[in-house]
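This briefing is written to be read beside the sequence and the model. It begins with one residue and then moves through selected topics.

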Amino acid sequence: MKKLLAAALGILTAIGGFVDIGDLVTNAVVGSRFGMSLAWVVVLGVVGIVLFASMSGRVAAVSGRATFEIIRERLGPRAAGANLLASFAINLLTLTAEVGGIALALHLASSVEPRLWIPVAALAVWLVLWRVKFQVMENVAGLMGLLLVGFAIALFQLGPDWGELLRQAVPPSPPGTEHPASYWYYAVALFGAAMTPYEVFFFSSGAVEERWTAKDLGTNRLNVLLGFPLGGLLSLAIAACAAVVLLPAGIEVSSLSQIVLPVAQAGGVLLLAVVVLGIVAATFGAALETALSSGYTLAQYLGWSWGKFRRPARAARFHLTMIVALLLAAGILMTSVDPVAVTEMSVVFSAVALPLTYVPILVVANDPGYMGEHVNGRVVNALGTVYLVIVVVAAVAAIPLMIATGAGS
Amino acid sequence: MNVGDLLDARVLGPDGAALGVVVDVRLALEVVDEPEGGPGAGEDREEAGHDAPLSAHARRDAVGGARLVGLLVGPRGAGSFHGYERTDVRSPWPIPQLVRRRHRGTFLVRWEDVASVEADPAADPSADDAKPRLRLAPGYDELPAGLG
């Protein structure tokens, strides 16, 4: 049990980063429009995030430095500042979407208007950031988020034609009704959602919060190998549920209630309640993760003291950053903007910012002055270079695809 | 003067020929002998180490004051070395190869060889961040930029 709890950082990172509101929405939209034909992107994204999260965790454990400290050091003030602007904006958009997601999920559970839930959700997130210990936070949010396994249960209860799902996935065969540009737009969005930079900001800073040293490299490996593939499987289950129920019915996902439709159909009220609770936990975990990441990135760039292991008075600017970010997110949501639309934007912009985050990690993981004997091996470097190419292609293609397809519509 | 004032400043030879711009400043750190484990060893971060920098908890040499050794001058003003000046590491391909290629011709001059730091007549004097112009002394040495 202790060993499993040691993987909580990875599970929270993965649940919060991988099946946050962005992935819930993107996977369900993709499932309802393209079936399982984009499943390969989820697999590609899982391998990529496992590769780079484990690298950032290893760098943090061995050198004591979190990812944005490394970005600032290696890229210099200008390029790192550009990355900060982009990452901070994405973080804020994602935080907005997550707080909105909590409100929408609570709305599903209570039928109280989502706008009334927004201040409650933001306040609850802030209270946890202010008061709750890092370890307690990650254990509770991570384990509750596991309730999303309800999507997988629903899939089995739906008794789909597994052969048909597999045929859609390998070789990938997008439905003829969709334009290829839309297909590739969603491929980039899914890839961006899987590899969002805030996952490594949070994971590496969490490693520092948990005081990992070179002795904890086994825990690091366990975390990423357990957490992210689990997140990937849940993503695939969500997409498959949508592909089985929504695709044949011609329903296009535009709200959270449609995402859980297959669950209600398969498992009734009880399973629905479990999944809604899981969504609340996952979006809550992701809101914590993105709020913390906004504090981590700004504080690490500017050299402020940071971390939940310090009392708030000892890391005042770090906590103030998170408060301002939460207030901004709640303010944006109160304008009645659709959180689902905000999410779809944020994952595409993530794809643009990927290279500026992943290149410095790869460079430092090769620096013997920092890593000693724990520098990257050949296989990891070869994979890293392959992913660098993929990440750059996705970053370059993201905006043109967004414009060409009218954001996938 | 801040380091930021020197970075990107134009560098001229003793005869007035343009050599490039300042891309970095090289400092030597005095290494201080510390008891086993370095500063803060054995301290609990929660208890005593609240205000200690995180680097104090990493296993690293303790350092004392810094001394200015010289300036790195790049003919094309090629930005950061990304740490590749310290070692001869060649991975991950192709990043170090690209960084080194951009930095071909970058050299180190001793701070003693800098004859003057004056206002650059080519710069707009009203601009806040107007860079100075550096002139090197006759007989200056172009030292290798690497540390590895």
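A residue is called buried under 20% relative accessible area, exposed over 50% and partly exposed in between, using a 1.4 Å probe and protein chains only. By that rule A:Ser54 is buried, because its relative accessible area is 18%. The model is predicted: local features need pLDDT of at least 70, side-chain atom pairs count only at pLDDT 80 or more, and totals for chains, interfaces and linings use all residues. Residues are numbered from 1 along each chain as its sequence is written, chains are lettered from A and ligands numbered from 1 in the order in which they are written, and side-chain values use heavy atoms, with hydrogens and water left out.

**Surroundings of A:Ser54**

- A:Ser54 belongs to helix H4 (residues 39–63) of chain A; helices (H or I, at least four residues) and strands (E, at least two) are DSSP runs numbered from the N terminus.
- Leaving aside residues up to four places away in sequence, A:Ser54 touches A:Ile49, A:Asn220 and A:Val224, where contact means heavy atoms within 4.5 Å.
- The side chain of A:Ser54 reaches the backbone oxygen of A:Leu51 at 3.0 Å.
- Between the C-alpha atoms of A:Ser54 and A:Leu106, which are 52 residues apart along the chain, the separation is 34 Å.

**Confidence in chain B**

- Chain B has a mean pLDDT of 77, with 74% of its residues at 70 or more; pLDDT is the predictor's confidence in each residue, from 0 to 100.
- Over residues 37–55 of chain B, pLDDT stays under 50, and the model has 31 contacts beyond four places in sequence for them.

**Strand E6 of chain B**

- Strand E6 (residues 132–136) of chain B is largely enclosed by the rest of the structure, because four of its five residues are buried.
- Strand E1 (residues 10–12) of chain B pairs with E6(B) in the parallel sense over three bridges; strands pair if DSSP finds at least two bridges between them.
- B:Leu12 stands opposite B:Arg135 in E6(B).
- Strand E5 (residues 114–119) of chain B runs antiparallel to E6(B), joined by five bridges, and B:Val114 stands opposite B:Leu136.

**Aromatic rings and charges**

- Over all chains there are 14 aromatic pairs; rings of Phe, Tyr and Trp (its six-membered ring) pair if their centres lie within 6.5 Å, and planes under 30 degrees apart count as stacked, over 60 as edge-to-face and the rest as tilted.
- A:Phe156 and A:Trp162 form a tilted pair, at 5.3 Å centre to centre and 45° between the planes.
- A:Phe156 is exposed at 59% relative accessibility, whereas A:Trp162 is partly exposed at 42%.
- The charged end of A:Arg74 sits over the ring of A:Tyr370, 5.0 Å from its centre; the criterion is NZ of Lys or CZ of Arg within 6 Å of the ring centre and within 35 degrees of the ring normal.

**Backbone features**

- Most residues other than glycine have a negative phi, and most peptide bonds are trans.
- The peptide bond between B:Trp93 and B:Pro94 is cis, with omega about 0°, and B:Pro94 lies in the loop between strand E3 (63–74) and helix H2 (95–102) of chain B.
- B:His82, found in the loop between E3 and H2 of chain B, has a positive phi near 55° and counts as buried at 18% relative accessibility.

Technical notes:
A polar contact is a pair of N or O atoms within 3.5 Å; within protein, one must be able to donate a hydrogen and the other to accept it, and residues adjacent in sequence count only if both atoms are side-chain atoms.
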